[in-house]
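Look at the sequence and the model together.

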Amino acid sequence: MISTGELRKGIAIELDGELWQILDYHHSKMGRGSAQVRIKLRNVKRGQTVERSFQAGEKWPRAILEKRPVQFLYRDGDDFHFMESESYEQFHLTAEQLGDVTDYLIEGMTLDRTSYQGETIGVELPTSVELRVTETEPGFAGDTQSGARKPATTESGLVVQVPIFVNEDDVIKVDTRTGEYLTRV
């Protein structure tokens with residue numbers, strides 16, 4: 001069981017007989033009343049997002065998710081093909097099932113396959129990924145404003161705001177949780 005005090009982003013819980021992933025949560029205490037917890041949840045199978053309020057201290061069954069390493073092979077339209085690292089079994093997921101994960105996928109990348117009761121529900125990215133810059137404007141010597149940024153398109157199609165010293169063909173590290181530039185590799 002998991003209580004409101006143990007909530008973390010990304011944790012899966014069983015609620016009303018379905019699997020929900022916690023996207024965000026907020027504790028609030030108003031005057032004399034008991035504390036409330038407002039949780040933003042995403043239905044893992046349907047993709048539906050809802051916000052619900054619960055009393056502090058309420059408990060739910062924690063969903064046990066199985067994770068196994070997989071390798072991203074290729075994209076075919078809206079289908080993304082993966083291969084299990086241990087059994088070499090291939091499977092595919094749609095862009096709708098993957099959501100924002102598609103912005104960070106490059107061929108040959110290793111991820112974690114997340115399964116619930118034998119059914120694949122998605123893949124989990126590492127905290128940061130290294131992507132090659134395919135298109136960006138050149139930085140000029142006069143652009144010395146502190147914190148100056150410019151847009152850069154990566155090999156996966158993701159557009160990231162980067163410092164002006166980043167050029168085409170540079171490899172940059174991007175935080176997969178926020179989509180922000182971390183450093184040049």
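Is F82 buried or exposed? F82 counts as buried because its relative accessibility is 0%; buried means under 20% relative accessible area, exposed over 50%, and partly exposed in between, with a 1.4 Å probe and protein chains only. The model is a predicted one, in which local features need pLDDT of at least 70 and side-chain atom pairs count only at pLDDT 80 or more, while totals for chains, interfaces and linings use all residues. Residues are numbered from 1 along each chain as its sequence is written, and side-chain values use heavy atoms, with hydrogens and water left out.

Start with the rings. A search of the whole structure gives 4 aromatic pairs; rings of Phe, Tyr and Trp (its six-membered ring) pair if their centres lie within 6.5 Å, and planes under 30 degrees apart count as stacked, over 60 as edge-to-face and the rest as tilted. One of these pairs is F72 with F82, which is tilted, at 5.4 Å centre to centre and 55° between the planes. F72 belongs to strand β7 (residues 66-76) and F82 to strand β8 (residues 79-84), so the pair ties together parts that are 10 residues apart in sequence. Strands (E, at least two residues) are DSSP runs, numbered from the N terminus. Both F72 and F82 are buried.

F82 also pairs with F91, and this pair is stacked: 5.5 Å centre to centre, with 20° between the planes. F91 is buried, with a relative accessible area of 11%. Together, F72, F80, F82 and F91 make up one aromatic cluster. The charged end of R113 sits over the ring of F91, 3.7 Å from its centre; for this, NZ of Lys or CZ of Arg must be within 6 Å of the ring centre and within 35 degrees of the ring normal.

Next come the loops. Most residues other than glycine have a negative phi. D16, in the loop between β2 (12-15) and β3 (18-28), has a positive phi near 55°. D16 is exposed because its relative accessible area is 63%. β2 and β3 run antiparallel and are joined by 4 bridges; two strands pair if DSSP finds at least two bridges between them.

D169 lies in the loop between β14 (159-163) and β15 (171-175), and its phi is positive too, near 75°. What does the accessibility of D169 make it, buried or exposed? D169 counts as exposed because its relative accessibility is 56%. D170 lies in the loop between β14 and β15, but is buried, with a relative accessible area of 18%.
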